[in-house]
Amino acid sequence: MPVIAFAPDAGVWLLSTPRTSYALRIDATGAPCHLGWGPALTLEEAGELVTPPGPPASSFEGRPSVGEELPVDGGPRYGPPSLQVRFADGTRAFEWQATGHRVHEPAPGSTELVLEFRDRVHPLRVALHYRVHDDSDVIERWTVLRNDGVAPVALQRADSAAWALPLRDGYRLSHVTGQWSAETRLRRDPLPFGETVLTSRRGITSHHANPWVMLDAGDASENHGQVWSAALAWSGSWRITVQRTPDGRAGFTGGAGHEGPALPLGPGEEHTTPVHAGLYSEGGFGAASRAWHAYTLAHVLPHPREIRPVLYNSWEATGFDVDEAGQRALAARAAALGVELYVMDDGWFGARRSAEAGLGDWSPAPDRFPGGLTPLVEEVHRLGMRFGLWVEPEMVSPDSDLYRTHPDWVLHFPHRTRTELRSQLVLNLARRDVADWAYGWLTRLVGDHGIDFLKWDMNRAFSEAGWPDRAEGADAVWTAYVQHLYGIIDRLRAEHPGLRIETCSGGGGRVDLGMLARTDQAWPSDNTDAADRIDIQHGYGQLYPARTMAAWVTDVPNQFTGRSVPLRFRFHVAMAGVLGIGGDLSRWSEDELAEGAALLAEYKRIRHLVQHGGLHRLRAPDDEGAAAVQYTAADRGEALLLVWRRTSRPGDPAPLLRPAGLDPAARYRDARTGAVHSATVLREYGIRPELPRGDWASAAVHLVRMP
Ligand code: DGJ
């Protein structure tokens, strides 16, 4: 079946993914209109979705605010515009005129449709892009705007795409909210009538919301039902507006930027929006998550096939108190435990002895690293580990040589306070000279020292986001900053193909498909309390795969919450992602080191399932009793069950787990106990993993298909 088909008589375009269809057409006014998004249809069936518009119910009604592919500000439209332009003569309305279309194959297995338009009078071109892949139901959409005139145009809103759902009796919205140390809390509520805005105005993706939504008709569950979802590949401010209209429609529009700034588009300039990727799926929220994970591995991550190594990170052990001797001692202990990547965190450079100073002066502090970083890097390599380093390239401390030399390099407005957050200011990466400076020292640092991994941190939101020496700088900066950030990382990766990067922004402040396209893993939260982490990981995994989810075992009482839970529980929670160790190993007892080494070795035996298998959430954390997940190999030859019971009550039975997605004809052996179970019995009657008595009980069950 062709992936993108056109019925010229009906004027219908049909995009077909392996299991789904997306249909649209250009209507009599020239506007691109949505027809359908759901299970697979034939072109003929898609044609049935074309219905002649009825007369407006009254002179107060305009075009439906849900149902266009990119609703513009123009004509009788009263919903949230996806495209809002201001021409130099003051005109604000856009009028569609179709100019052509193209279908091509940008890569084997991918097909792209480009619908080309211009404004009926002004020389502004708009191209709607749709890309489908033959191994995924995700449809990637973005918009390209080009100013072919001689006068500037202001893009007051330039969303990537608008999406519409078929009519249903009710709708529900799933998304995540949070804050620092409490990111990605899953919310699932009836969609209110009117407009619901999810946004970041912080210049980063944010801890407070994440740019994805899932909608269902209120009837989907973890394993059943239709779900329409979409995620934005952008790492700056963003906005997704979800609508439920009085006449019962639901849809949403999403793109980069928040209200206020208007992106200037000069004569001859072109702007490409970030990708807004959409997915229709059946099989409930679990199937939607698995489809997003598979898509992220197949089409987003730079090295998806790699197994991420077990890392050690020094932050919780040492804070800013780092020096060569202390790092060597920790590295020796980490290597003995089985760690594969040693990461030295904040505090190694300039005058950085606290959060008060030093950002911007990126040379090793001579009092703490008298021979520079090379002796430590060599020692870590000698111990058989890769070497990773913490950097925060977008920031400067006012107390730094860099700021004393270049006070104009930060985001600021003349005559306005330069607000410090965590005693730091944001460098204006939108400036070419600042971006080149950042790339310059980073590439030298990595190249000169043989650094294998960077933890790229970003520890504050924007404020006073001005760029005084450029006309319309305060409007342009939000987009140019992110584009230059991407450019620096892309150049670094090209220059150092072995380099791997973790995205961090005080924890999970900048996790999105844009960042994951150029990093290898993410730090989801600074909160390393295993009990809290279960909830954070539950929300994180709704969209992003475990292969990207770094998770450390740290010390107790936990630095953030004061809570103490057993080492085994902490390991079992962290084993649901990319395992790391973040405790002070110099204080671990011999027993703890031995138990930790055994659990770490166990992780290495099962991590291929966690990092590349399919996730089934067997019990959500808000279920009574216990939470549990399952990771299953693509060939169903093995599965891992992880179960965590935070509190126990007398008389409660051990949680019953019903593994999903196993080979129904097979029998599976529990690798630890040797017990053999039929897949059907497991699925229908379940298994009760052996848990220690009491609170904070956990288990890992590794099931292996019998030959
Ligand atoms: C915030 C990060 O999330 C932490 O893990 C740590 O790297 C600190 N910054 C260092 O300042």
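Predicted model: local features only at pLDDT ≥ 70, side-chain atom pairs only at ≥ 80, totals over all residues.
Local features need pLDDT of at least 70, side-chain atom pairs count only at pLDDT 80 or more, and totals for chains, interfaces and linings use all residues. Numbering starts from 1 along each chain as its sequence is written, and side-chain values use heavy atoms, without hydrogens or water.

Start with the rings. The structure holds 27 aromatic pairs. Rings of Phe, Tyr and Trp (its six-membered ring) pair if their centres lie within 6.5 Å; planes under 30 degrees apart are stacked, over 60 edge-to-face, and the rest tilted. Trp37 and Trp163 have ring centres 4.8 Å apart and planes at 35°, so this pair is tilted. The pair links distant parts of the chain, 126 residues apart. Trp37 sits in strand S4 (residues 32-39) and Trp163 in strand S11 (residues 161-164). Strands (E, at least two residues) are DSSP runs, numbered from the N terminus. Trp37 is buried at 3% relative accessibility. Trp163 is buried too, with a relative accessible area of 2%. Buried means under 20% relative accessible area, exposed over 50%, and partly exposed in between (1.4 Å probe, protein chains only).

Now move to Trp228 and Tyr280. Their pair is tilted, with 5.3 Å centre to centre and 45° between the planes. Trp228 lies in strand S16 (residues 226-232) and Tyr280 in strand S21 (residues 276-282), so the pair ties together parts 52 residues apart in sequence. Both residues are buried.

Ring pairs also build a cluster. Its members are Trp348, Phe349, Trp362, Trp390, Trp409, Trp437 and Trp441.

Two arginines lie over ring faces. Arg244 covers the face of Phe193, at 4.1 Å from the ring centre. Arg533 lies over the face of Trp523, at 4.5 Å from the ring centre. The criterion is NZ of Lys or CZ of Arg within 6 Å of the ring centre and within 35 degrees of the ring normal.

Finally, the ligand. Polar contacts are pairs of N or O atoms within 3.5 Å. A polar side-chain atom of Asp457 lies 2.7 Å from a ligand nitrogen atom. A side-chain N or O atom of Asn459 is 3.4 Å from a nitrogen atom of the ligand. Gly507 places a polar backbone atom 3.1 Å from a ligand oxygen atom.

Technical notes:
Helix = DSSP H or I, 4+ residues; strand = E, 2+ residues; numbered from the N terminus. Polar contact = N/O pair within 3.5 Å; in protein donor to acceptor, adjacent residues only side chain to side chain.
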